[in-house]
Every structure is written in structure tokens, then in C-alpha cells.
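Biologist: I am new to reading protein structures. Could you walk me through one, feature by feature?

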Amino acid sequence: MRIRVHFYSYCKDLTGCASVSERVEPGSRIEDLLQKLFVRFPRLAPAQKSLLVAVGVDYQGADHVLQEGDEVSLFPPVQGG
Amino acid sequence: MKSDPSYPSDKSDVSACAGRMTRNMRRELDITTDKIDELALLQRRELAGDMGAVLCFLGVVRGTEQGRPIAAIDYEVFARMARRQFDLIFDQVEKRWPVASVRLVHRVGRVAAGEPSLWVETIAPHREEAFAACQFIIAEMKRVVPIWKNPCPV
């Protein structure tokens, strides 16, 4: 199944793009998607520990199971104010 | 991956509570590239007779970042998610304190040094709740609302 992935802040710089489409197996978790993305964008991998992940508009953890059509966003710690 | 910064323990409580409670707290949120118009915001203030504390906080872009002078900060936002996360924060405020009103404006895009980037107003019967709610909103915003700063050198 295909998942749309959006990058924000310096994740955009590390990948060189604002969004991509990634194919994952049905039943894949966020962790599986991240591993694919780290292979595709090796510069993203060192940021792994600080990355935040949202599905739609809600934060999700590494074990969250993805669904067809999900929009996943990856970004560093937030800094509003 | 960093641990989930949402409200893992409170999330279900919020949903459950949302079903029970009437949402009486006035809430206004504006995420905008426009300058913050304090006068217009003050003119729109609604103050009920039993409210004894009005607290306004203004966050201003400092002229330095990590010791170096800057001209501005360019704020990036994931707007749809930012609105959702602010709404969750406001749910928490409504659940924890008898706050009558929360209004918040966050500027995004380029904000020059010396200009306000954040305006928060809380109205409550007593100062303790108004201060506590305002502190909570700002602390939680800095933890969960997807907004990022990009300092622009002089």
C-alpha cells in the first residue's frame, strides 16, 4: 500500500523534498516505514532519536499500524512561541 | 524516534470527558502571517461579571539567538495539525481550571526582531487559574504544537 510522507523543518533539508510517496506492506507499522525512509534518505537516519511522527493531525508511536491512504508527517522537536 | 509527546495517559480521558462536559469556555485561535493587532484583540474582549482576572501574555522575537544578532525569525507551521493540537490543549485547560476564555494568536512566516509572535489571553474568576492556564498553554504549545523557528541573520 502507498503512504504519503510529509517532511517539515530540517527534515525537509535532510531529504531535499517536502513530501514523498512510499510503498509499504499491509500491516506495516511506523517503525517499518521509517526504516524504508532511512534507506531512501540516509541523511535522515542520524536524526531518528529526535524525530516526531504524526499520522494525519495526531502524534503516533513507532508501533502504530499504518492504513492505506494515511498521511504521515515527520519533523524535529517543535519550537513555537 | 522520540517518545510520543501527545497525552498518552490523558487522551482517553479527554475524549471521554468531551462526551460528558459542555464546552462553555470561549476559545479563539488565530495562526496568521498578519501582525498581531493588540488593540483589535482588546476591543473584542468579552468579560462576564464574575470574572476577576484577565491575563495577557505577549511573546516577542528577541534580537539575538544563541548569542548572535538576528533580524527576524521565520516561523514554519503544519497548520492543520497545529490547530488540532491547540484544541487538545484548550480541552485540557477547560478540564483543569474554571477558565471562561482563552484566546491565542500565533504569528507565522517572517517576524522581525522586536515584534510579537505570540499573544495569549486567559480570563478566569481568580488570578491563580488565569496564570496557571496561561503557563500551561505556552508550555504545552512548546511541547506539542508543530511550529518551528528559523532565525534569519542580520
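This is a predicted model: local features need pLDDT of at least 70, side-chain atom pairs count only at pLDDT 80 or more; totals for chains, interfaces and linings use all residues.

Biologist: Let us begin with helix α4 of chain B. How many residues does α4 have, and what span should we expect?

Modeller: Helix α4 of chain B covers residues 127–144, which is 18 residues. At 1.5 Å a residue the helix should span 26 Å, and its end C-alpha atoms are 26 Å apart, which agrees.

Biologist: Which residues of α4(B) are buried?

Modeller: The buried ones are B:Glu129, B:Ala130, B:Ala133, B:Cys134, B:Ile137, B:Glu140, B:Met141 and B:Val144. Seen down the axis of α4(B), these buried residues fall within an arc of 140 degrees, so they line one face of the helix.

Biologist: Why do residues three or four places apart point the same way?

Modeller: An α-helix has 3.6 residues a turn, so residues with that spacing point the same way. Now turn to the other side: the face of α4(B) turned away from its buried side carries the exposed residues B:Glu128 and B:Ala139.

Biologist: What covers the buried residues of α4(B)?

Modeller: The cover includes β2 (53–60), α3 (79–96), β5 (101–107) and β7 (116–124), which belong to chain B.

Biologist: Can we zoom in on one residue? Is B:Thr122 buried or exposed?

Modeller: B:Thr122 is found in strand β7 of chain B. A residue is called buried if 20 or more other C-beta atoms lie within 10 Å of its own. B:Thr122 has 28 C-beta neighbours inside 10 Å, so B:Thr122 counts as buried.

Biologist: Which residues is B:Thr122 in contact with, leaving aside its neighbours within four places in sequence?

Modeller: They are B:Leu55, B:Val99, B:Val102, B:Ala130, B:Ala133 and B:Cys134. Sequence distance and spatial distance are separate things to read: B:Thr122 and B:Ser101 are 21 residues apart in sequence, with their C-alpha atoms 5.7 Å apart in space.

Biologist: Now for strand pairing. In which sense do β5(B) and β7(B) pair?

Modeller: β5(B) and β7(B) pair in the antiparallel sense, over six bridges. Strand β1 (residues 26–32) of chain B pairs with β5(B) in the parallel sense over seven bridges, and B:Glu28 has B:Arg103 in β5(B) as its bridge partner. β5(B) is mostly covered, with six of its seven residues buried.

Biologist: Which strands pair with β4(B)?

Modeller: Strand β3 (residues 64–65) of chain B is joined to β4 (residues 68–77) by two bridges, running antiparallel. Seven bridges join β4(B) to β8 (residues 147–153) of chain B, also antiparallel, and B:Tyr75 has B:Lys149 as its bridge partner in β8(B). β6 (residues 109–112) of chain B pairs with β4(B) in the antiparallel sense over four bridges.

Biologist: What do β3(B) and β4(B) form?

Modeller: They form a hairpin with two residues between them. B:Glu65 stands opposite B:Arg68 in β4(B). In the turn, B:Gln66 has a positive phi of about 50 degrees, and B:Gln66 is a residue other than glycine.

Biologist: Is B:Gln66 buried or exposed?

Modeller: B:Gln66 is exposed, with 6 other C-beta atoms within 10 Å. In chain A, A:Ser9 has a positive phi of about 55 degrees, although it is not a glycine. A:Ser9 lies in the loop between β1 (2–7) and α1 (10–15) of chain A, and with 20 C-beta neighbours inside 10 Å, A:Ser9 counts as buried.

Key:
Residues are numbered from 1 along each chain as its sequence is written. Chains are lettered from A and ligands numbered from 1 in the order in which they are written. The expected span of a helix is 1.5 Å times one less than its number of residues. A residue is buried if 20 or more other C-beta atoms lie within 10 Å of its own, exposed if 12 or fewer, and partly exposed in between; C-beta atoms are placed from the backbone. The arc is that of the directions from the helix axis to the C-beta atoms. Two residues are in contact if their C-beta atoms, placed from the backbone, lie within 7 Å. Two strands pair if DSSP finds at least two bridges between them.
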